[in-house]
Amino acid sequence: MDPECSQLLPALCAVLADPRQPMADDTCLEKLLDWFKTITEAGSSLLLLQGNPCLVELLCHMLKPQDLSSRVLAFSLRLAGVLAAQEDCFQYLQQGELLPKLFGEAGPLGGAAWTSPTVRSGWIQGLRSLAQHPSALHFLADCGAVDTIFSLQEDSSLFVASAAGQLLVHILGLSMPGPAGGPPSLQAGDWPACAQKIVGHIEESLRATATPQITQALNVLTTTFGHCHDPWTQVLWVRLSPLVAGLLEKDPVPAAHSLVDLLLSVARSPGLSSSSCGLWETLARTLSHLSPTQAGPLALGILKLQDCPQALRAQAFAVLLQPLACVLKATAQDPGPSGVLDGIVGDSMTADMLLPSKAACVGLLCRTLAHLELLLPLPQRPCPWPQAPLLGAAVTLLQLCGGSARPTSDAGRHLCGLLLGCVRVQRAALDFLGTLSEGTGPRELVTQVFAVLLEYLRSPDSSPTVLKKAFQATFRWLLSSPKTPGCWDLDPHALLFLRDLLPVLQKRLCSPCWEVRDSGLEFLTQMTRHWGGQAGFRHALLASEVPKLTEQLLRDPESYVRASAVTAMGQLSSQGLCVPAAGPEHPGGQQSLLAELLHILSTDSEGFPRRAVMQVFTQWLRDSHADVAGDTEQFVAGVLQVASQDLDWEVRAQGLELALVFLEQTLGQPRSHCPCAVTPAVAAPVGPLAQALQPLCRVRLFEFAFRALFDCDRPVAQKSCDLLLFLRAKTASSGSLQESRSSPHVASVEAALQRWQAGDQAQPLGDLEPEVVLAVLRSLDLEGLQGALAESSDHVEKSPQSLLQDMLATVGVLGGNEADCY
Amino acid sequence: MSSPEYCLSGHPTLPCNVLKFKSTTIMLDCGLDMTSTLNFLPLPLVQSPRLSNLPGWSLKDGNAFLDKELKECSGHVFVDSVPEFCLPETELIDLSTVDVILISNYHCMMALPYITEHTGFSGTVYATEPTVQIGRLLMEELVNFIERVPKAQSASLWKNKDIQRLLPSPLKDAVEVSTWRRCYTMQEVNSALSKIQLVGYSQKIELFGAVQVTPLSSGYALGSSNWIIQSHYEKVSYVSGSSLLTTHPQPMDQASLKNSDVLILTGLTQIPTANPDGMVGEFCSNLALTVRNGGNVLVPCYPSGVIYDLLECLYQYIDSAGLSNIPFYFISPVANSSLEFSQIFAEWLCHNKQTKVYLPEPPFPHAELIQTNKLKHYPSLHGDFSSDFRQPCVVFTGHPSLRFGDVVHFMELWGKSSLNTVIFTEPDFSYLEALAPYQPLAMKCIYCPIDTRLNFIQVSKLLKEVQPLHVVCPEQYTQPPPAQSHRMDLMIDCQPPAMSYRRAEVLALPFKRRYEKIEIMPELADALVPMEIKPGISLATVSAVLHTKDNKHVLQPPPRPAQPTGGKKRKRASEDIPDCKVLKPLLSGSIPVEQFVQTLEKHGFSDIKVEDTAKGHIVLLQEAETLIQIEEDSTHIICDNDEMLRVRLRDLVLKFLQKF
């Protein structure tokens, strides 16, 4: 601890001990505790106590009967725990009988303060910190803490109850032998007393009839197997598994959710050999005993396990698929066997299980779809994957929700009534359908997929979020449509679909709902990015009104839509898909788009469209877009000039990105890490460095970068710093340029930069010569600046000294603020 | 007491029912089914060579005697005559006996002149002011549309039943064509409307003292109402054309519908699968798409109602869609009145619109559209419109059946170009049938029916909320639509199941309670001496004269007994009044058998035997050969001609009972 803090500490302890000085802000206490933790982790707690007797005094003060705030009391208990975590310090505190007084019956435990959950929580956390060494175990046993912790498991405060459970797990782990200790005996008598007590309590709870007690026991065990993988855990499981399995005998199975968590935690534990302790059998029994809603998460967990018997995996997968199998069975046109997901839906499993209520049915279906979606990309997903039936189920669900299904059975009609217009199921099914696009399917089913997607895109009742998901799923299915070898164009079926899709997209671009227009534009951008170069797509798109409508949306009243329109137009233009606008106000098509985007950049009142313009411009520069390539310098100079004055820091940062692309192209070394970089058409410089730097000077790139270096927004300054460092590194390697450090011009630039740094950015730098730039670059302490910028903005205020001062200042001990107190 | 309901209209959204309730005959709505006009050729404003050159229709055997009356267009057959309307049933009940007609909204009064002017009706019609004013506009527009293009020809041959059988569908299946009538005249309209008495929401109107009717806001249109029809002990709610959506009218009053014995439910949405919000979005998108491509948009519509909401949506949308320069035209003989009326009925509008009036601002934004020249309105396409007309544009005009009105002209004008679009928003007519005489048609057709009336989910919630004992509805609502038989959600689902009716059917409404309210005169009430027979329950006997007049019942004090002596006059007066016998006191209480037997024994009776029966006890006095039957509500003493004994026993029985 530094001397300044040591000096402030006694005053602070006095304030904390004074009930008349309440601490208004308990985040200060948390910070203070964090600071003590840092100190004790780095050094000796004993020395800390000895060097700062005020701390012990503070702890002793807590024992006096007085009206202390519960926050301060909880803080003191936690502080005592942190200090006593080191055994020598523990002994030191024990000498004064301080710990039994704090944590035993004599302390808050027996007093009125115990009614406050903050104090109970502080008590638990104090013990949690303290329980780090064998002496602590004895202490816990002596002061009867374990019994108190048992009772706190039922605390009215969930935080306290949960912390009590975790403390039990911690004490159990501490009391049992570590990995080197060898496997303990199964005999309870051989276990340490503390462990015996805790395990006995768990056993008792598992035998209880009250669900909350069983839940607590299961949660403690789940945490134990999740955190500790020592050999004794296997012994523990062997001992407790009959009791756990016994829960399955009850109907309904109590605390099913916690039971699932425990079984999965055990199955995942590397410390347990699953096959030897009957776990697979228990899992199989649990799967068959739980309701579909409860069994779903267990089935997913089992399927995610790396090593698991095939039969159990098959059972789990069947459980997971049950709800969808029911949907297919209920909606099958033929009342006989559905023919899909055969064997999964048994006679006992009927649609009735899905139907008790709309909420239950919707919840189960959404969870099932989400589980399957999670499973699909995993390497251990079930094989063979029933792609076709799942596609069928997803399509059926969407048809049921959209009202286009025509079920003939009563169950099907009832299901239709429950799901009709259900946005939750629609969203989940569309997400799932999109994920399924990674596999293939029979042509007939794929046709149905596109049909149902088109139905959703067309339907006036599709909500904006559903529509967005329908667009996303459509894009994924178009991506996955079979490709002709050697040709990246869409296949004939997809092109036919596109012909139906574009009129729908046209209509959606005219929607009164801005979210819909926005999703439509995003979809267009994605499609153009992928197929913009392909003849079939180009032909269909150009034959539609879509490009024209997109251009009109550049003037949309909603800024998000304008931003998406900018991105879409940028993409269309890159692919040569912009229709030259007719009319006198748009002479020359493409050129007018550049002008229009520049207009948006300089005049749009919202940040999003301006950011989008900068991104488009950067991409155009990177791709050597025809309009940009014509006069790149003029383009870059114009954009940088507008961007430098933008109030939105993201626009300025994007300006630096554009500057970097230009710089790289000028110096001839594109960044290799950028996968989308295209080799620029700009020729690599052949002349000396000065010549290479001339274009940068002409576009006033340096003035832009230097101004950004002192930007009030840190990310901009950081980016500029990176750019200048990159440039300095480049120029350092080719040291042909003569430095002119001493020239008067350099001095004036440096003086101007100092003024800029001080906040006065009024004065321009004027024309800069390459030599002057290099000299200024070398004279700037860019590394230092980079370091300073890397610090978080509150690093000065975060110091412990500042914290102590703040705490003292709030209660007025430091004076100075007294005049303000009234 | 039975309350029959006579169904005179088969159209669930254009109802016409007659309810006989408490000796009052009440007609509920007076809707006119105009779908019959779809069987007729359109009435063009100017001579249409296409329509006049349509080939006449001939029978399969080549017989062409109907070719003057029936024309064929793209495989459909139409009657070439002035369009006619299908009237409500006039034979089921003598309509001259109808006491009152209650109108729920302006769409449901279009048959009024046929009823009030041609059936001997002499009662009163009740409706709210906006209903009457806008109803007048709708009738005026209808009469104007038909009268301004007089057609000499009137077809009647085809209506002959033997001939009708030979015609193709849908003419073959048209019902009661012989009763179809031409449109009424403006004179008849004025006369019909003069019989209307204006009412306000929640106003209680007494009908002959027996029944009270009250209109409640139904949330569907300006001034639209549901009606409560109640006596003291029975309540019938008539729910017709209601909406729970937030549009321009005052919200629906649901609370007052509670505790109904019977709830008659009509006028639900005609397009239960179309969500109005989605349809408005669809309307805007298609409109913008067409106009941006240089096409014109035609919106066939009524001059009031949804058009206000559409204009409001467009007001918010046109700037964002870049349509600020596109002219919107509203053409109707009553366009001006409709737009102006909507702005003055502030008290009938939803809360948001009402508050605008106090700012003061016009409640509907179409005022601003008119001010900024974005919306222009004309009485007809002749005159100013032709000089202002500029394309591309959006035209709102009637009639939605596409059989008469200015819309016919625009269909002929724009139908040939695929750039143009006709957007159907009114749900009353099948758009495919409406378009049939215009085929082949190049213009795009979009169907965005906007029907804000209750859908089945809302009905289900409403019924749960108001919990009527019985629901009565048209038969169409008790089963899913024929085209969507799997949609069990598209029908009324309630317990007990709804009772249904169909055209020309009479239904007895179920009422359980059979009480009447009787008033008691103060002086008579003063004379009563109540006696408590159970805690909280007191009884008093009353002797009075029941006086019944105008369905009101009053108990008056009985006249004093006639004086034995007196003049002639008095004597005569006393002859007029009913005889008032000296009344025996009424008895109450129960006879405790054991105590009764003890009392008998005390009074010297012996050899007493008690038998239990299903209803009470029998006390046998074997010696006296006498039987006393004691039951819950009667006691009989059966003895053999021994009046003395009977009286003795009677007095002993009476000791155990209270008298009053």
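This is a predicted model: local features need pLDDT of at least 70, side-chain atom pairs count only at pLDDT 80 or more; totals for chains, interfaces and linings use all residues.

Let me begin with chain B. Its domain assignment gives domain 1, covering 3-57 + 67-270 + 453-509, then domain 2, covering 276-447, and domain 3, covering 587-659. Between the C-alpha centres of domain 2 of chain B and domain 3 of chain B there are 89 Å.

What does Trp123(A) touch, leaving aside residues up to four places away in sequence? Its contacts are Leu77(A), Leu102(A), Phe103(A), Leu109(A), Trp114(A), Ala145(A), Thr148(A), Ile149(A) and Leu152(A).

Next, the two helices of chain A. Helix 24 spans residues 464-480 and helix 26 spans residues 514-531; they pack at an angle of about 10 degrees, and their axes are 9 Å apart. Angles under 35 degrees count as roughly parallel, and helix 24 and helix 26 of chain A are therefore described in that way. On the side of helix 24 of chain A, the residues in this contact include Leu467(A), Phe471(A), Phe475(A) and Leu478(A). Helix 26 of chain A brings, among others, Val516(A), Phe523(A), Met527(A) and Trp531(A). The residues of the contact between these helices comprise ten nonpolar, five polar and three charged.

Still in chain A, consider helix 39, residues 770-779. Seven of its ten residues are buried, so helix 39 of chain A is largely enclosed by the rest of the structure. The buried residues are Pro770(A), Val772(A), Val773(A), Leu774(A), Ala775(A), Val776(A) and Leu777(A).

Finally, I return to chain B for Pro449(B). Where is Pro449(B) found? It sits in the loop between strand 19 (444-447) and helix 14 (456-466) of chain B. Is Pro449(B) buried or exposed? With a relative accessible area of 3%, Pro449(B) is buried, because under 20% counts as buried. Not counting residues up to four places away in sequence, Pro449(B) touches Ile271(B), Ala274(B), Met279(B), Phe424(B), Thr425(B) and Pro427(B). Asp94(B), by contrast, is 355 residues from Pro449(B) in sequence and 37 Å from it in space, C-alpha to C-alpha.

Terms used
Residues are numbered from 1 along each chain as its sequence is written. Chains are lettered from A and ligands numbered from 1 in the order in which they are written. Side-chain values use heavy atoms; hydrogens and water are left out. Axes are lines fitted to C-alpha atoms, for helices over the stretch in contact, and angles run from 0 to 180 degrees between N-to-C directions. Helices (H or I, at least four residues) and strands (E, at least two) are DSSP runs, numbered from the N terminus. Angles under 35 degrees count as roughly parallel, over 145 as roughly antiparallel, 65 to 115 as roughly perpendicular and the rest as oblique. Contact means heavy atoms within 4.5 Å. Ala, Val, Leu, Ile, Met, Phe, Trp, Tyr, Cys and Pro count as nonpolar, Asp, Glu, Lys and Arg as charged, and the others, Gly among them, as polar. Buried means under 20% relative accessible area, exposed over 50%, partly exposed in between (1.4 Å probe, protein chains only). Domain bounds come from an automatic or database domain assignment.
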